[in-house]
Amino acid sequence: MGRSRELLRYTGTRLALAPVMLWLIATLVFLLLRVAPGDPVDAVLGSRAPEAAKAALRARLGLDQSLVQQYLDFLWALVHGDLGEALINQEPVSRIIREALPASLELSVTALIVAAVTGLAVGFTAIARSEGKIDLAGRFYGIGTYALPPFWVAMLAQLLFAVTLGWLPVGGRFPPGMITPDGSGFLIADSVISGNWEALQGALRHLVLPACTLGLLLSGVFTNALRLNLNRSLRSDYVEAARSRGLSETQVILRHALPNALLPVLTIAGITVASLIGGALLIEVTFSWPGIALRLQESINQRDYPVVQGIVVVIAALVVLVSVAVDLLVALLDPRVRY
Amino acid sequence: MASSDSSGVINSSRMSGLAYLRRHLKHLLPLTAALALCVSQGACQPGRRSDRITVASAGRITSLDPAQASTFGALQLLSALGDTLYKRTAQGELKPALAAALPEISDDGRTVTIPLRKDVLFHDGTRFDAEAMAFSLRRFLEIGTLNYVVGDRITAVETPDTYQLRLRLSRPSSSLENLLTATNLTPVSPKAYEDHQDRFLNDRFIGTGPYRLTSFRAVQQRLEPFKRYWGPLPSNAGLDLIYLSNSTALFGAMRSGEVDVLLSDSIDEDQRLALNRMASEGRLREGQGPALVIGYITLLSNTPPLQNPVLRQALALSLDRDLINERVSRGLRPPLLSLVPPGLPGGNIEPWPRHDAARARNLFIQAGYCNGRVLHLPFTYRSNVPADRLMALTWQAQIKRDLADCLSLKLDGVESTTVYRQLGEGAFQAVMLDWRGAYPDPEAYLAPLLSCRESEGSVCKRGEAAISGSFWTAPGLEQTLLQSDRSRGDDRLRDLESVERMAAAGAAYIPVWLVTPRAWSSTALATPEFDGNGQLLLARLQGVR
């Protein structure tokens, strides 16, 4: 079988399995939410509302139906692309996600860029001073940034750069008093498109602290990955072979050692993006970043079932898509990969 | 030899690769430094200031509909965008707002006539009149999520005249006037809500207040003064209300000067104390409102061991509120010996006993404890409320100091949502909670804790007392409670006192502390002021000349 057909078959299999994976996740979330103590009706009406009012609301929200019926209704709506309405204020879940997701993606992508640039720079520096003090510092950096608790670092960064030095805003996504540019919800892109440079500056200022904190905390993974893989590449036979063919050192590193060392880093980047989409919770909470993770946390506290289910399903779908895309990219770049 | 050569070649080749990296590192480092400098320069504080005022709180607002809003932040915002028929001043005086005068009450107390102002416009330019008020009241009674607060009191809303509203009541109710100050009863424009008569309008609000809403997002709202407002225009050029999700961020934003005003609803104790200190040192201004939030302990009275009233009374005597106030809040949460806040009618008495370890010991002995038999009592607190946790720890230590041979508290932290869900199931022997009445009246504090529709002896089977997790009632309590809402003046005060004394004797609830709303502003602004409902008067925020 040709490589392109192999790749096509693999892609098809992965994409065909995606709905099964999403169904499993959706079912799990549905069940876990119902098992968890707490009643969404209490969250809406307050625990002291009379039973009659609670029963009426429960009936209006369909929570008085059997669990099986609720589950079937949920699945039926889901396959029709209907994520339902928030119990708290009857806002469509799709709109909640549409508003919160751009904030999370903006933060995740920027954090990933910070993580990749910083992590790779430190890793590159460490390998250049291999076995020396700088290499040791690089190793410490790699382990340390990975091991530090995100909420603690975030609070320290907030106290230092926002409260004490006053260089950056404490939290939020946009300066108070400024009108947000209309558009996609990606404030930086919307500001650029509308030519609103003041809005762009405001959005960037709010993005710097959370993105750098998150990025630096993740950069250690990139540092370690590059350091180990580049070190291995530089010792490999094909690098020697390249040198023996008379290639310059720049060509050897850029064309032979680095591309091979970066392949595992690409896989790590993919996994990191996937986990960042829903996993930046502590950063979003600390910096009051109005993203999807913060919204998920609030909805869990309020037992707002449709919002939690909708967000988890969308995050899961994104994770599946990103991981498939990364696998394909790696397969395209690395001819050794077989499926 | 071959091996050695080979190894030597590899090492030398690798060294040359590393040497190459080293060479280029010289260029990479300055480039990185320059990039970092650019970012930091771009990120430094721009001139944010304008004559608008930024107010921060922890209240993410999911609905602006008065029929739906229930959170502190939403009600605070609605109080600036709309008006109620009556307002309570900080001194507790009832004053007409959209009403032209105090209500006229018929002799049988079942008909309330309210004359309305004739000079009020909604933000959409339509006129406020009796029909508009009736529309809003009926809408709240029909779809309001908190309409149980009104209960079955109002049976009909009538409009005998363009500017006269008439309410027919099922029974006389002395708390009705204060109920009409509730923000949930803020009128909305019938024209703007034409398509939302039977459903909520969450992201817009068309009311009659001193501000109109020009931009709404759950985390940020922009308010502009309403130029055609019937009353005094706001003292500022406009407001930006922002939401920050945690106490540290709120505190940091106030300290760094990023926000002008901070509301205290979700500030942790140590940060509240730090802000209080900054205010005493003149670095901030602090305003306080009437204390309308009570902290209290609910005891499960329908099962052993706390079904024994002697044990409950012993627990009430064992609580050293002064120590807790000092340790938990450094004096910012005054001790409370009543279920009604002191600023409200009936709140100036202290029916619950003060801390008395000797008397508590005698009662524990009377109940068969001490001298080798220790009561191990699970005490639940809301794990997401730092002050509750501190209170629980302090009480536990204080009991260990005073009554170690009689009582031992076993602490159990449970998340709020779970606590409220399981409260009515009798899941907690003793639990620390707080309560804020929906409107500033003793009825809004006593009825939700003590009212009982079906009882058997001193056990409440159905009603608010069961929902509250105490399951406690007493013979004659429900009648006296109902009577206290029918009577007026001194008679009412006497009835309220009777209710509270019965509740104190039953000791199914132990009041702990009062929470005072506070707001801090920068020194460039005047001291923040509150109204009698505990809401910050946003329209009065202004710069100091």
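Modeller: Strand E1 (residues 53-57) of chain B is largely enclosed by the rest of the structure, because five of its five residues are buried. Here a residue is called buried if 20 or more other C-beta atoms lie within 10 Å of its own, exposed if 12 or fewer, and partly exposed in between, with the C-beta atoms placed from the backbone; helices (H or I, at least four residues) and strands (E, at least two) are DSSP runs, numbered from the N terminus. This is a predicted model, in which local features need pLDDT of at least 70 and side-chain atom pairs count only at pLDDT 80 or more, while totals for chains, interfaces and linings use all residues. Residues are numbered from 1 along each chain as its sequence is written, and chains are lettered from A and ligands numbered from 1 in the order in which they are written.

The cover extends to both faces of E1(B): Ile53(B), Val55(B) and Ser57(B) are buried on one side, and Thr54(B) and Ala56(B) are buried on the other.

As for its partners, two strands are said to pair if DSSP finds at least two bridges between them. E1(B) runs parallel to strand E10 (residues 239-243) of chain B and is joined to it by five bridges, with Leu239(B) in E10(B) as the bridge partner of Ile53(B). Strand E11 (residues 261-263) of chain B also runs parallel to E1(B), and two bridges join them; in E11(B), Leu262(B) stands opposite Ala56(B).
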